[in-house]
2 protein chains.
Amino acid sequence: MADFTDKLRPAEPQGSSILSQEREGSNVNVDQLANHLLSRNDFLKRQKKILSILEPIPIFCKKNQLNMARPDRYHLGLARAKTLRRLSLKHGWNRDDYIMADYLMDEMGPYALQATMFATSIREQCNDEQKAYWEPKVENWEIIGCYGQTELGHGSNVKGIECQARWDPKTKEFIIHSPTITASKWWNGALGRTANHAIVVAQLLLPENGKYKSQGPHQFIVQIRDMKTNKPLGGIVIGDIGPKYGYPGMDNGYMLFDQFRVPHSALLSKYSGVDSEHGTYMKPDNPALVYGSLTFVRAQIIMQARLVLARAVTIAARYLSIRRQFSDRDSKGAAPEQAVLNYPTVQIRILPLLATTFALHYTGEAMYKLYYGTREAIEKKGDLSRLAEMHAASSGLKSLCTTLAADGIETCRRAMGGHGFGGGSGMIALNNEYLSKPTVEGDNWMITQQTAAYLIKRMTEVAKNPSLKPTESVDVQFLDFVANKSRARDYDILSSETELVEAFKHRASYLSYQAYHTRVVEKKPWTSMMLSLHRLSRAHSESLLVLNFYNAVFASTPDPPLDDKTLAIMRILFRLFALFTLDTSASEFLLSKALSVERLAMVTPAIEELMAQVRPHAVKLVDAWSVPDYLLESALGSYDGDVYNRLFHKAHKENPLNMLTFNPDWKSEEIVMGEGEENARRRLEALALGTTGHEQSGGPRSKL
Amino acid sequence: MADFTDKLRPAEPQGSSILSQEREGSNVNVDQLANHLLSRNDFLKRQKKILSILEPIPIFCKKNQLNMARPDRYHLGLARAKTLRRLSLKHGWNRDDYIMADYLMDEMGPYALQATMFATSIREQCNDEQKAYWEPKVENWEIIGCYGQTELGHGSNVKGIECQARWDPKTKEFIIHSPTITASKWWNGALGRTANHAIVVAQLLLPENGKYKSQGPHQFIVQIRDMKTNKPLGGIVIGDIGPKYGYPGMDNGYMLFDQFRVPHSALLSKYSGVDSEHGTYMKPDNPALVYGSLTFVRAQIIMQARLVLARAVTIAARYLSIRRQFSDRDSKGAAPEQAVLNYPTVQIRILPLLATTFALHYTGEAMYKLYYGTREAIEKKGDLSRLAEMHAASSGLKSLCTTLAADGIETCRRAMGGHGFGGGSGMIALNNEYLSKPTVEGDNWMITQQTAAYLIKRMTEVAKNPSLKPTESVDVQFLDFVANKSRARDYDILSSETELVEAFKHRASYLSYQAYHTRVVEKKPWTSMMLSLHRLSRAHSESLLVLNFYNAVFASTPDPPLDDKTLAIMRILFRLFALFTLDTSASEFLLSKALSVERLAMVTPAIEELMAQVRPHAVKLVDAWSVPDYLLESALGSYDGDVYNRLFHKAHKENPLNMLTFNPDWKSEEIVMGEGEENARRRLEALALGTTGHEQSGGPRSKL
């Protein structure tokens, strides 16, 4: 509907001309930097290709998502998942294309387990016969699968799960059973409303001397719903667990079994099995190679973390360059209002995070290289020597990098003030979706123990034998530390990048030595050490981030190449990242005698100076991350900078609440004008109690 | 529907017996502590009274809220707001009763501005004639009001707002006009769909020498919607701005004017006005008293912060006492799984926050006392001397306390792992609702400048005149610092509580002196100092929190009283809060020479020891905060500890998504079983595009 607002423009200066000036004022080579960051696996080309397919399709439009009821989000999620599957066949997408489509659609949907955990279990845990039967069904999507491991009562501690699979020697079947409420499967994606098959992880119970004994958790493949009606089979209760942070389009589910029988062939039997004649257990081979793929998954998590953080920083850097508020306090007369990004109190929240996106990138790259190198060493020479190091690095880095990204998103959002709080920011969904990451794939406070345990082990070797021949990466730094540990250092972190790298190594070595001494020499309980173990893992992981960043921009020629001016800015970003990270844990550097209090006093001014150097390049640096507007879904962060028109349009033309008129009179129970009091009362009570609008009656609620 | 799950129980031990044991194992006097914390204004009695009225009313049921579409949340919000108004008349509620009902309902609704900003403006800004006309209409709720200050382009910088009120000397009217899109009112609560009147803040433009000149922002009262149809009046465009973080039941709005005329009497004219004969400006009196009420509002914000944080900590302390995961790593054989709250890595996230709830409490109390004392001094003796100190304290404390609460909620949520991420945690709405607080009522990074400016001013006085007679609270500590500033200290923070308090004062004084020197002696630009000003405000505010806590549990007899055992635990909590806070900013204590590196090394072990002492009392300490289950709305945090049954029931019996069966086959476009492909396609496209289900057709979407 046309009205007088159609003629109005935002006050000068316009966001688009501000961003043009920002871009003109920087000599960062955006195309080259984008290629430097995103050439792996043809990322940029692929993004363009898939985006051009998805964006015009109405069902992939995101603008109404924040208005929808959660059940409707699942409906839409299922429709989108089906559409993606059909598109992938039509366009002949490979696995990378599919992943790109998921990334751009930016929604975890009910087919998400099919090609991941479900297919992986079939591929890696089935014996040949099982594989021949199941793999074609999965690959042709004849069945829809999910993965049922986590339970209501047990998550991280997989060994503690309660679901049972008891061998019945008479019928040669397994009886799958949930003895308690806490044995209910819980959280399992695609289980709630969608999947007709599940990998079920259950305690394998076998008879031994007249009693049943558990051989530990094992995987079973189980049909759980009728292939025609999609209703749960008899003896199984299934449902969706309800709303949670993010993932509204995914049906995370629960499932319980009441003495449900499955055949002997249901037990996935590549590595272990049950002799169906005697009911005896056949032991698994050493599954050491699992470590390798875990590292790969975690490298992917770090690479995802950088892109997610880049999204938040893109929105913040663009909007905060445009937003003006207050004149300079020391200016005389009527000075123009300042871009908010010019204030140091805003810079300190955004620019170190901008530097962090690159730090995450180079460490993600290093992890990929480590993974591929290690895999080659194993396959070609049977050399398993780097597995432990790789696993330890990946645990601590998963914890640190997902924490940095999750906290960073919220820091960016708050830095944007009121509009960061609004739905037009694009930050609400981003925040909600990412907040699972610090918890899943190993809780961020728990898995750091693995990194710390490894470091203690290496330090023990070194301390026992100070002339040890180094075999792992940390050995050199530990040997140096042990040789000089009584010496206080004061690394010249402000003038020398190598000294900066060394200071991080020193602190990690110091904490490793302390932990070794407490555990191995003083023999203190593990639980009592948990805080220092967590700090140790963080120190080591920060040291890796700093080292990998340093190696990429100082120790070698950038590959793919960067011109001198762009490289110079990347080097400033390295210093900003390293000094900001150091400052955040400054007292640890002091305690570990890597730094003097006098030198620390110069760190904040140095950070402020580096931020002033980065500031003119902020917009072009985020441009290089090449996050398309479709993915940002943000009035504040769009490439063209037309912030206020977009915010206003979104509210004035697209907000469904504005299509109704309401009765504001407290004396009347009527809510929508014209509906009458009695209708309103019944409608609102049913809404509050959840007893309306979701019943099945041959069709869904909101018919057209 | 009955099924086999009805017979199942959670695995042993049951949550209820765990919480019973936790309660038996602590000698905290819960009733006495509850009374100590919550006797002001009959809080506990009032909570009981209002709860018994609200809880049985179906429309106040919260269980379906996370499933609802945002437009429906506004419908419900309006219905609830009307019901509250009717209940208040029926039961003769006073203002405190009403506030309690709002607190328990836990939802900001569309009448929220009526008795607050709208009524306050009428009361405080109207001249007698205006007041006589408007006040009865507001008090009888004949009109529904809102407050329109913030605009799309200007929030914190009120002087920069663009909406104009130009005086027309011919017609003796003001012409209210929005010259740009950024001049649109934005964020204003109750404006979007509800209010028929608004206080509009606009630049008052008066003719001067043939040109119009602004006299700055002034308040006007304007009817904005038709009293019968509730449609916007001609020349005004209004709407709801759309979804945002939290506040789904509130219609935050936008509004633009196209040369809209209001009479001379629309300008609220208690302090200033326009001579309608000559169109000249009548200048305002000095509005110094505004500072006083701002302090009161901020004391309320701190008191609210403590209760909000107490909710998060209540849920976390109960659930994490119940949740078991992993056996002790050093145990031999099959040891039972540990309560998660026994792990130091969990304690470090929860127990300092538990201590923080009490720190916030005592500082909120101190702020109230300061406010009432200052008001009395002003009213009885015309003594304005403490206003500046009070205002400075309130700015820094608002910033610090809302940041502590907002971050604390998320810390608690993450500490609860997977279930903290789920809707049954009660943490999602809590998080979403509270996240506005660090931004509104003065952005947390911006208002700290006010505190810092005050401290620089006092330090300047002291530095100029080291024999100054102290007139403000900080003067004594500043005088002491200036007299001894070249002396490095090493406060005995681990054995002496007074030394701990002194260490915080020392650090704040040091940073004040540095800021004074940079600004006053070196004459550095204000903007370049912003980071250190923010740190200074935080240091001063932390010092106040520590001092107020100390005064309450060491320097005086607790009032209302606490028995010795309970008091002993409060004193442990004081030390935990102070040492944890110190440790978080440890490098600042080192830089300000309040502490040696050697002593700092002993802080972490001391914190671990204090946490071990607090741990057995955690459940009873949160019990004392007396947060009712209705407000917690949390399966994890309910008083009885029946975590797993509640989680399961919520999913299995109350999740509307489980009432439908879906078609999982990717080859079919059908989504709900039976609806058919064509129906599904049209329905889902309309859902994605937002073109369905919200049209007005004499009634709302989901008729019964």
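**Group meeting: a predicted two-chain model**

In chain A, 72% of the contacts with a separation of 6 or more are between residues 24 or more positions apart. Before going on, please note that this is a predicted model.

Let me stay with chain A for the overall picture. Its secondary structure consists of 24 helices and eleven strands. Along the principal axes, the C-alpha atoms of chain A fill a box of roughly 90 × 85 × 50 Å. A compact globule of 704 residues would have a radius of gyration near 27 Å, and chain A has 28 Å, so the two agree.

Next, burial and surface. Of the 704 residues in chain A, 62% count as buried. The accessible surface of the chain is about 26700 Å², and 52% of that belongs to carbon and sulfur atoms. As for charge, chain A has 84 positive and 78 negative charges, and their mean positions lie 2 Å apart.

Now one element of chain B: helix 14, residues 473-484. Its buried residues include B:Val474, B:Phe478, B:Leu479 and B:Phe481. What do the buried residues of this helix pack against? They pack against helix 13 (448-464), helix 15 (497-521) and helix 16 (530-555), which also belong to chain B.

How values were computed: Residues are numbered from 1 along each chain as its sequence is written. Chains are lettered from A and ligands numbered from 1 in the order in which they are written. This is a predicted model: local features need pLDDT of at least 70, side-chain atom pairs count only at pLDDT 80 or more; totals for chains, interfaces and linings use all residues. Side-chain values use heavy atoms; hydrogens and water are left out. Helices (H or I, at least four residues) and strands (E, at least two) are DSSP runs, numbered from the N terminus. The radius of gyration is taken over C-alpha atoms; the globule rule is 2.2 Å times the number of residues to the power 0.38. Buried means under 20% relative accessible area, exposed over 50%, partly exposed in between (1.4 Å probe, protein chains only). Contact means heavy atoms within 4.5 Å. Accessible areas come from the Shrake-Rupley method with a 1.4 Å probe; for residues, only the protein chains shown count as cover. Lys and Arg count as positive and Asp and Glu as negative; His and the chain ends are not counted. The place of a charge is taken as NZ of Lys, CZ of Arg, CG of Asp or CD of Glu.
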